[in-house]
Amino acid sequence: YKLANRLIDAVEAMAGRAPEKFMLVRSSDDAVRAMQSGRIGLAMGMENASPLNHQLENIRFFADRGISYITLTHGKSNHICDSSYDENRRWNGLSPFGREVITEMNRVGVMIDISHVTDETFFQVMEISKAPVIASHSSPRHFTQGWERNMSDEMIKALAQNGGVIQINVGSTFISQQARDWSDTMAEKRKAYLEERNAPPHGMEARKFSKEYRAQNPFPYATLDDVLANFEHVIKLVGIEHVGIGSDFDGVGDSLPEGLKDVSHYPALIAEFLERGYSEDDIRAVMGGNLMRVWRQVEALASNP
């Protein structure tokens with residue numbers, strides 16, 4: 001809770017120091033105003049609902065501070081729900097408090113983000129939420145079979161029926177089975193290496209192993225074609241109105257695809273869409289329009305429950 005507030009303070013300070021460059025974005029209308037004024041809009045989300053700290057009123061508190069979406073959990077299960085990365089699944093989906101959180105987020109007008117959650121959690125959210133939800137940085141499981149962090153076709157269809165959007169995570173391990181397999185193999189060998197030496201999982205020995213393993217076994221970076229394949233899988237499955245860009249540039253480390261290493265490469269992605277026959281309206285929808293539509297619907301439901 002305290003850390004979340006300090007991070008929000010930092011964003012506010014950034015906008016306060018350079019108001020000619022930055023604008024705090026607390027609503028979908030703010031996002032439009034920031035763009036129209038030529039400033040960078042600073043919209044805030046909370047990736048992990050742990051700062052709610054068992055207090056339902058904290059949803060309103062953080063919304064008032066500018067939090068527009070909340071990712072229900074992250075790498076570990078929390079008091080809201082189970083995480084796809086965590087073998088400890090005490091709730092089998094949402095906790096009783098988590099079910100209240102979904103209803104309250106609808107009431108307050110905060111977008112629900114289901115990236116990182118277990119399949120059980122996802123389908124329970126679909127049953128409860130009256131507003132469309134987002135997967136802010138997930139990809140189709142079609143290309144990474146059996147990996148729960150991504151979304152199955154059944155989940156993507158349910159998300160679309162809910163009116164939501166899956167925003168494609170472009171990390172190579174999210175969009176390519178070859179990269180996924182490389183990552184899993186490296187993790188297994190690193191674990192065995194550290195266990196032999198009784199070394200901690202995130203210490204110097206772990207970093208040394210990862211560096212040497214990567215030098216001897218070059219990472220199989222995905223390509224722009226892989227990125228487009230993930231987008232087009234969703235488009236063919238549920239329509240272009242339910243897919244967006246999630247990127248996760250700051251979260252996937254050195255695994256970003258060739259040709260899409262940062263936001264400066266977005267023109268190359270857009271060029272690929274154009275070459276494949278997508279209209280400018282289609283591309284606007286993917287690059288932000290679909291998310292804006294969900295954001296407005298969430299706000300509208302909160303205003304007229």
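Helices H8 (residues 177–197) and H9 (residues 204–216) pack with their axes 10 Å apart, at an angle of about 135 degrees. That angle makes H8 oblique to H9. Keep in mind that this is a predicted model. H8 also turns up in the second largest pocket, where the largest share of the lining comes from this helix.

**H8 against H9**
- The crossing of H8 past H9 is right-handed.
- On the H8 side, the contact uses Trp182, Thr185, Met186, Lys189, Arg190, Tyr193, Leu194 and Arg197.
- Facing them from H9 are Glu205, Ala206, Lys208, Phe209, Ser210, Tyr213 and Arg214.
- Sorted by class, this contact has seven nonpolar, six charged and two polar residues.

**The largest pocket**
- Its volume comes to about 1,500 Å³.
- There are 42 lining residues, and Ala43, Gln167, Ile245, Met287 and Leu291 lie nearest the centre.
- Elements that each supply at least two lining residues include helix H2 (28–36), strand E2 (40–47) and strand E7 (243–247).
- Helix H12 (280–303) is another of these, and H12 gives the most, with 11 residues.
- The lining splits into 22 nonpolar, 13 polar and seven charged residues.

**The second largest pocket**
- This one has a volume of about 1,200 Å³.
- It is lined by 40 residues, with Tyr85, Arg180, Ser183, Ala187 and Arg190 nearest its centre.
- Helix H7 (172–175), H8 and H9 are the elements giving two or more residues to this lining, and H8 accounts for 10 residues.
- By class, the lining has 15 charged, 13 nonpolar and 12 polar residues.

Definitions and conventions
Residues numbered from 1 in each chain as written. Predicted model: local features only at pLDDT ≥ 70, side-chain atom pairs only at ≥ 80, totals over all residues. Heavy atoms only, no water. Axes fitted to C-alpha atoms, helices over the stretch in contact; angles between N-to-C directions. Helix = DSSP H or I, 4+ residues; strand = E, 2+ residues; numbered from the N terminus. Parallel < 35°, antiparallel > 145°, perpendicular 65-115°, else oblique. Left-handed = near helix turned anticlockwise from the far one by under 90°. Contact = heavy atoms within 4.5 Å. Nonpolar A, V, L, I, M, F, W, Y, C, P; charged D, E, K, R; others polar. 1 Å grid on protein atoms, 1.4 Å probe; cavity = no way out; pocket = protein on both sides within 12 Å on 5 of 7 lines; lining within 4 Å. Points joined across faces, edges and corners; volume = space filled by probe spheres on them.
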